[in-house]
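Dear colleague,

I am passing on a structure that I have been looking through, and I would be glad if you could read the notes below alongside it.

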Amino acid sequence: MSRGLGRIVVVGASLAGARAADTLRREGFEGGITLIGAEPHPPYQRPPLSKQYLEGTWGRERLELKPSPAASGGAEAELMLGTTAVGLDVRERRVRVSGSGGDGEVSFDGLVIATGCHLRTLPGAAGLEGVFTLRTVDDCERLRAILELGPRVAVIGAGFIGSEVAATCRKRGLDVTVIEALPVPLAGALGQEMGGVLAAVHRDHGTDLRLGVGVEGFVGDGRVGGVRLADGSVVEADLVVVGVGVAPTTGWLEGSGLALDNGVLCDAACFVKAEAGGARLDFVVAAGDVARWHNRLFEEDMRVEHWTNAVEQGEAAARNLLRGSQEAEDFSPPTYFWSDQYDVKIQYVGRARPGDRMELAEGSIEERRFVAAYLRHDRVVAALAMNRPARIVAWQQRVAARAPWEPAAP
Amino acid sequence: MRIVVDFDVCQSNAVCMGIAPDIFEVRDDGFLYILQENPPESARAKVEEAVRSCPTQAISIEEG
């Protein structure tokens with residue numbers, strides 16, 4: 001390549017990492033690519049793990065990431081699976097790794113950081129049989145095997161994963177209780193009113209929803225028997241799924257000199273920043289759940305834990321790495337995510353903040369078929385569509401254009 | 001090139017429509033429609049982006 005990058009190492013072999021590696025090849029990079037992944041599996045699709053794959057309606061072949069030349073290894077990319085990055089030496093341009101093949105170092109000329117997130121846990125869960133988390137395909141298959149036994153299910157956390165797992169368990173005919181510390185599900189992401197709509201959706205489908213109450217601990221010795229809540233009550237359960245969110249996987253970068261603050265800090269083009277002075281390193285980019293970059297559309301440092309961003313940012317960061325910081329293009333997407341819960345499809349574009357005004361823009365909340373717009377200074381900064389997939393692109397365009405709010409928008 | 005959609009797995013997330021609205025359209029009935037099954041070669045980059053960006057990997061391209 002013109003920049004003289006002989007070898008590019010991608011740390012993190014999930015969606016963002018795989019899409020970055022694919023993009024390097026598509027853009028004509030002819031040097032070596034090494035894709036390092038902590039899991040033993042080649043890159044795969046995670047969204048079905050809380051939905052179709054957990055439900056059992058999709059087989060394993062649907063998790064295969066395609067088209068992805070890098071995911072299949074071979075000449076396209078060397079896959080180092082079952083290998084965890086444990087350190088980074090920026091000056092010597094080396095990643096320290098530990099894994100099935102022993103400990104070692106991998107040298108690079110250019111680096112893509114895509115280590116994603118890891119699950120937050122609850123104290124007392126370790127070593128207790130019947131308490132599960134869900135992030136990997138192995139987690140999902142263990143969980144699915146237990147669901148076959150018809151357990152009473154408690155889900156801690158009504159975030160996206162917790163809500164989708166609850167919906168899937170109800171579809172399988174299981175008794176489900178969801179415990180959420182906030183007064184409504186997804187209040188942080190969607191706001192109080194929309195969270196209230198989602199609470200009603202849960203209840204309409206027979207899910208027992210315990211809101212605004214914290215978890216005190218687990219009941220059971222060796223094997224879980226229930227969850228004890230802060231109000232003293234106990235939710236009896238044979239199976240507990242903990243979905244209390246994730247944290248960016250940056251432990252291996254401590255002491256590397258990279259700026260870390262709820263993720264790897266990046267500039268608007270996904271180049272990472274150095275700790276002291278904040279200068280950007282033009283041979284290191286970050287993408288996906290782990291990257292906290294400056295999105296110029298919102299003039300906000302943001303970190304996005306959703307599928308579409310992993311694809312788009314993986315591609316953008318890889319292109320910019322090849323171009324160099326002088327030729328790089330800012331990554332400024334409107335951002336998009338979806339969630340399927342029960343018979344409800346939620347699609348969301350943009351980025352709302354507490355204090356933004358919400359208006360019903362189209363349809364009827366009662367019928368659960370509507371678009372709600374989030375406004376800041378009378379401009380559209382986000383939109384949520386429920387069961388209105390035909391309309392989300394129009395609202396995506398408004399968010400991207402920071403369009404003024406028109407109450408009678410078509 | 002011919003666009004093939006596996007409608008059994010399509011979930012109408014409308015990402016393809018955001019990328020190439022002249023080729024993919026999710027309508028009010030909630031289903032995806034292909035507006036151009038055999039788009040011109042000039043549309044290839046956009047169609048390939050839609051293939052890569054489909055959350056359910058429902059879209060593929062058949063050559064010929």
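Please keep in mind that this is a predicted model. Leaving aside residues up to four places away in sequence, A:Cys270 touches A:Val285, A:Ala286, A:Ala287, A:Ala291, A:Trp293, A:Gln313, A:Ala316, A:Ala317, A:Asn320 and A:Phe331. A:Cys270 is also among the residues with the most contacts inside the largest nonpolar core, which has 143 residues, and A:Val10, A:Val112 and A:Ala383 are others in that group. The element that gives the most to this core is helix H7 (residues 307-323) of chain A, with 8 residues.

As for the domains, the assignment of chain A gives domain 1 (7-118 + 247-323), domain 2 (121-244) and domain 3 (343-400). Between domain 1 and domain 2 of chain A the C-alpha centres lie 30 Å apart, and the contact takes 11 residues from domain 1 and 12 residues from domain 2. On the side of domain 1 that touches domain 2 there are 5 nonpolar, 3 polar and 3 charged residues.

There is also an open sheet of 5 strands in chain A, with antiparallel pairing and the order E23-E24-E27-E26-E25. Because strand E23 (336-341) and strand E25 (357-364) stand at the edges with a single partner strand each, one side of each is left without a neighbour in the sheet. Within the sheet, 7 bridges join strand E26 (residues 369-376) to strand E27 (residues 379-386) of chain A, and A:Ala372 has A:Leu384 as its bridge partner in E27(A). Helix H8 (residues 392-400) of chain A lies across E23, strand E24 (344-350), E26 and E27, and runs at about 165 degrees to E27(A).

With best regards

Methods. Residues are numbered from 1 along each chain as its sequence is written. Chains are lettered from A and ligands numbered from 1 in the order in which they are written. This is a predicted model: local features need pLDDT of at least 70, side-chain atom pairs count only at pLDDT 80 or more; totals for chains, interfaces and linings use all residues. Domain bounds come from an automatic or database domain assignment. Two residues are in contact if their C-beta atoms, placed from the backbone, lie within 7 Å. Ala, Val, Leu, Ile, Met, Phe, Trp, Tyr, Cys and Pro count as nonpolar, Asp, Glu, Lys and Arg as charged, and the others, Gly among them, as polar. A nonpolar core is a set of buried Ala, Val, Leu, Ile, Met, Phe, Trp, Tyr and Cys residues joined through C-beta atoms within 7 Å. A residue is buried if 20 or more other C-beta atoms lie within 10 Å of its own, exposed if 12 or fewer, and partly exposed in between; C-beta atoms are placed from the backbone. Helices (H or I, at least four residues) and strands (E, at least two) are DSSP runs, numbered from the N terminus. Two strands pair if DSSP finds at least two bridges between them. Axes are lines fitted to C-alpha atoms, for helices over the stretch in contact, and angles run from 0 to 180 degrees between N-to-C directions.
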